[in-house]
Amino acid sequence: YYSKNLILDKSRNIALTEAEKKNYDIAILDDGYQDYSIKKNLNIICFNSRQLVGNGYTFPSGPLREKLSSITKNSVILINGEKNPEFEKKLLNLKKDISIFYSNYKLFGVENLKYNKLLAFAGIGNPVNFFNLLQENSLNVVKELKFPDHYNFKKKDLEKIINLAKDLNCDLITTEKDFFRIKHYNLDMIKYAKVKLYIDNKEDFLKKIFSKI
């Protein structure tokens, strides 16, 4: 049994101090790789098999937050999607003893939408991955709307989306993350796709993590 808690603060150091006061043994940082003010026991860096490193450049010229050479500071790589021996070789040339694991998303709770026309919208990092996941599960997506990552949907945005869906005679579907950002509008016609992450060789993945803690 593990006691779990979510601590939010603009400063990760303050959040970690709070975790220590509460006697937690493990702190998992969300998006904390580039925070060099914190000495971390383990870094887990994730790639999507469709994008990988994109054009190889760092932001704003490309999708990377750091050069791929910084991978030497990581201990575990998690690639979501199909196996890619060529990319694995590239990573292993940077750090021979790096551990590489694969994962996949599974879609749930959309059985009642199987035969419906759908308008899908998303404001996440790579909306195309969400749209592809819907289509891979045989959902009939006839219209896709992409918004910037962490997009703050206003009611007028959603009203436009709803009206477009009505014009196209479509049901509306979005990501679970986006849905809970707009939930307060109480728009019952907008559904969301539940997604679960499955990690290949999960036990080995967990052993690797706990060996560093």
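Setting aside neighbours within four places in sequence, Ile-190 is in contact (heavy atoms within 4.5 Å) with Phe-121, Leu-158, Leu-172, Thr-174, Phe-179 and Ile-182. Ile-190 belongs to strand β7, and its relative accessible area of 3% makes it buried (buried is under 20% relative accessible area, exposed is over 50%, and partly exposed is in between, with a 1.4 Å probe and protein chains only). Lys-154, by comparison, sits 36 residues from Ile-190 in sequence and 14 Å from it in space, C-alpha to C-alpha.

A quick word on what you're looking at: this is a predicted model, where local features need pLDDT of at least 70, side-chain atom pairs count only at pLDDT 80 or more, and totals for chains, interfaces and linings use all residues. Residues are numbered from 1 along each chain as its sequence is written, and side-chain values use heavy atoms, with hydrogens and water left out.

**The overall picture**

The chain has six helices and seven strands, and reading along the sequence gives the pattern α-β-β-α-β-β-α-β-α-β-α-β-α. Helices (H or I, at least four residues) and strands (E, at least two) are DSSP runs, numbered from the N terminus. The C-alpha trace spans about 55 × 45 × 40 Å along its principal axes. Of the 213 residues, 35% count as buried. Among contacts with a separation of 6 or more, 61% come from residues 24 or more positions apart.

The accessible surface comes to about 14400 Å², and carbon and sulfur atoms own 50% of it (areas are from the Shrake-Rupley method with a 1.4 Å probe; for residues, only the protein chains shown count as cover). As for charge, there are 36 positive and 26 negative side chains, with the centres of the two sets 2 Å apart. Lys and Arg count as positive and Asp and Glu as negative, leaving out His and the chain ends; each charge is placed at NZ of Lys, CZ of Arg, CG of Asp or CD of Glu.

**A helix on the inside**

Why is helix α3 described as largely enclosed by the rest of the structure? Seven of the ten residues of α3 (residues 127–136) are buried, so the rest of the structure largely encloses this helix. Those buried residues are Pro-127, Asn-129, Phe-130, Phe-131, Asn-132, Leu-133 and Leu-134. Their cover includes β1, β3 (99–108), β4 (117–122), β5 (140–146), β6 (171–175) and β7. Just after α3, Ser-138 takes a positive phi of about 60°.

**Salt bridges**

Side chains of opposite charge can pair when their charged atoms come close. Taking a salt bridge as a side-chain nitrogen of Lys or Arg within 4 Å of a carboxyl oxygen of Asp or Glu, the count comes to six. The table shows some of them.

| Pair | Closest N to O distance |
|---|---|
| Arg-12 and Asp-35 | 3.1 Å |

Arg-12 is partly exposed at 27% relative accessibility, whereas Asp-35 is buried at 13%.

Asp-31 lies in the loop between α1 and β1 and Arg-65 in the loop between β1 and β2, so the pair ties together parts 34 residues apart in sequence. Here Asp-31 is partly exposed at 44% and Arg-65 is exposed at 53%.

Arg-181 and Asp-178 both lie in helix α5, three residues apart, or about one turn of the helix. Arg-181 is partly exposed at 26%, while Asp-178 is buried at 0% relative accessibility.

Which peptide bond is cis? The one from Phe-59 to Pro-60, with omega near 10°; Pro-60 sits in the loop between β1 and β2 (76–80).

Two asparagines deserve a look. Asn-23 is not a glycine, yet has a positive phi of about 65°; it is in the loop between α1 and β1 and is exposed at 64%. Asn-186, also not a glycine, has a positive phi of about 55°; its place is the loop between α5 (176–182) and β7 (190–199), and it is exposed at 61%.

Finally, Ile-26, Ile-28, Phe-210 and Ile-213 form a nonpolar surface patch with about 430 Å² of accessible area together. Patches are made of residues with over 30% relative accessible area and no salt bridge; like charges are joined within 9 Å, and nonpolar side chains (Val, Leu, Ile, Met, Phe, Trp, Tyr) within 5 Å. Ile-26 is in the loop between α1 (12–21) and β1 (44–48) and is partly exposed, with a relative accessible area of 39%.
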